[in-house]
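This report goes through one protein model, from its salt bridges to its domains and a few single residues. Look at the sequence and the structure before reading on.

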Amino acid sequence: MADRPPTLSRFLAERLAADANSEGLADVIDAIARGARIVEAGTRQAALGGMLGYTDEINVQGEIVARLDTLGTTTFVDVLRESGRVGALACEELEEMVHISDDASHRYLAVFDPVDGSSNIDVAVTIGSIFGIYRRRDDSPITAETLLRPGREQVAAVYAIYGSSTVLVLALPGEVHGFTLDPESADFLLTHEGIRIPESVSCYSVNEGNADRWEPGVARAVSMLRERYSLRYVGSLVADFHRDLLKGGIFLYPGDVKNPKGKLRLSYEANPLSYVAEQAGGAGSTGESRIMDVMPEALHQRTPLVIGNADVVAEVEAIIAD
Ligand code: P6P
């Protein structure tokens with residue numbers, strides 16, 4: 001039998017053990033993996049366990065809350081709290097940050113979208129969970145402002161994608177790896193070591209239904225993409241991004257005349273995925289400048305997003321700027 005690939009836990013132990021500055025980071029990532037297993041099971045059995053459909057709540061984003069959103073929120077808040085390493089967290093579904101502990105042992109901050117693509121749950125289309133992880137700058141008491149950090153200060157980013165298989169993608173400085181959930185052992189096994197965005201681009205992703213609201217520069221950039229590439233648009237950012245990461249491509253959710261800041265959230269969608277993209281040789285942009293240089297002013301602020309192959313992102317920026 002071929003050697004069994006390393007589990008996520010063993011990979012983290014080997015990769016992070018020598019780095020004193022990363023003390024406790026493996027515990028945070030292992031906690032996310034534990035939460036992902038629970039959300040994965042909830043997703044697979046949603047129709048069987050009364051987890052389809054929506055609650056009667058509207059979240060801070062003004063969006064109706066799916067039952068699986070609630071499962072994802074409570075699950076990831078619990079596992080991150082239980083990790084004993086996270087001082088505070090912010091979640092797309094929760095208006096306020098969750099303060100856990102100012103103790104120095106709780107060195108990390110987590111920002112996350114627990115279930116990205118909720119509208120796809122009821123039709124069995126791929127969804128995901130997205131996390132950005134920061135190290136606290138010091139041991140001072142954590143406030144809401146503590147979580148307003150530019151994406152370039154992330155120390156790791158993680159996303160889980162619940163699709164035809166469940167894959168956890170981990171980005172550390174200069175490296176991106178994918179771990180596939182083995183349903184029998186419930187281990188995440190290393191299946192995609194050293195992911196780099198391919199030079200070749202196969203497709204572009206944008207909601208063409210918004211075309212009549214785009215600014216002229218965006219319309220010109222999408223016309224360029226439309227002439228060159230095939231269109232693929234799942235409606236789940238994690239699914240579209242994961243395809244671009246593995247196959248090469250570009251995803252856009254631009255601002256438009258109705259929503260100048262676009263739809264996606266800076267802190268727990270654009271920044272974590274831009275961190276993954278950059279560690280894999282790609283880029284994440286607002287359409288004008290590097291996403292991870294944006295200084296957040298509010299936890300739930302939105303941003304236009306252009307992400308994927310660095311060369312094509314740069315071309316889009318140049319057309320928009322022209
Ligand atoms: P639209 C899902 O609701 C989401 O936040 C992203 O996962 C996805 O890329 C986007 O919204 C889809 O938005 O407006 O095209 O349906």
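## Salt bridges and domains

The count of salt bridges comes to 19. The model is a predicted one, and every value below was computed from it.

| Asp256 | Arg213 | 3.3 Å |

In the salt bridge of Asp256 and Arg213 the side chains meet at 3.3 Å, N to O. Asp256 sits in the loop between strand 13 (249-253) and helix 6 (266-279), and Arg213 in the loop between strand 11 (203-205) and helix 4 (216-228), so the pair ties together parts 43 residues apart in sequence. Is Asp256 buried or exposed? Asp256 counts as buried, because its relative accessibility is 4%, and the cut-off for buried is under 20%. Arg213 has a relative accessible area of 23% and is partly exposed.

Glu315 is partly exposed at a relative accessible area of 29%. Arg228 counts as partly exposed too, with 43% relative accessibility.

The relative accessibility of Glu278 is 25%, which makes Glu278 partly exposed. Arg290 is partly exposed as well, with a relative accessible area of 32%. Both residues belong to a network of salt bridges that links Arg152, Glu278, Arg290 and Asp293.

How many of the 14 residues of helix 6 are buried? The number is 13, so helix 6 is largely enclosed by the rest of the structure. Ser274 is found in this helix. Ser274 is buried, with a relative accessible area of 0%. Apart from neighbours within four places in sequence, Ser274 is in contact with Gly284, Ile291, Met292, Leu305 and Ile307. Just after helix 6 comes Gly281, which takes a positive phi of about 90 degrees.

Pro260 lies in the loop between strand 13 and helix 6. With a relative accessible area of 60%, Pro260 is exposed. Which residues does Pro260 contact, leaving aside its neighbours within four places in sequence? They are Gly255 and Pro304. The C-alpha atoms of Pro260 and Arg302 are separated by 9.4 Å, although these residues are 42 residues apart along the chain.

### Two domains

The domain assignment divides the protein chain into domain 1 (8-192) and domain 2 (203-321). Their C-alpha centres lie 22 Å apart. The contact between them takes 46 residues from domain 1 and 33 residues from domain 2.

The size of an interface is often given as the accessible area lost when the parts come together. Between domain 1 and domain 2 the buried area is about 2900 Å², and carbon and sulfur atoms give 62% of this.

Across the interface of domain 1 and domain 2 there are 13 residue pairs in polar contact. On the side of domain 1 that touches domain 2, at least two residues each come from strand 3 (86-91), strand 5 (108-116), strand 6 (127-135), strand 7 (154-162), strand 8 (166-172) and strand 9 (175-182). The count of salt bridges between the two domains is two.

### Cysteines

A disulfide is a covalent bond between the sulfur atoms of two cysteines. The count of disulfides in this model is zero. Cys91 counts as buried at 1% relative accessibility. Cys203 is also buried, with a relative accessible area of 3%.

Definitions and conventions: Residues numbered from 1 in each chain as written. Predicted model: local features only at pLDDT ≥ 70, side-chain atom pairs only at ≥ 80, totals over all residues. Heavy atoms only, no water. Disulfide = S-S within 2.5 Å. Buried < 20%, exposed > 50% of the residue type's maximum accessible area, 1.4 Å probe, protein only. Domains from an automatic or database assignment. Contact = heavy atoms within 4.5 Å. Buried area = accessible area lost by both parts, 1.4 Å probe. Salt bridge = Lys/Arg side-chain N within 4 Å of Asp/Glu carboxyl O. Polar contact = N/O pair within 3.5 Å; in protein donor to acceptor, adjacent residues only side chain to side chain. Helix = DSSP H or I, 4+ residues; strand = E, 2+ residues; numbered from the N terminus.
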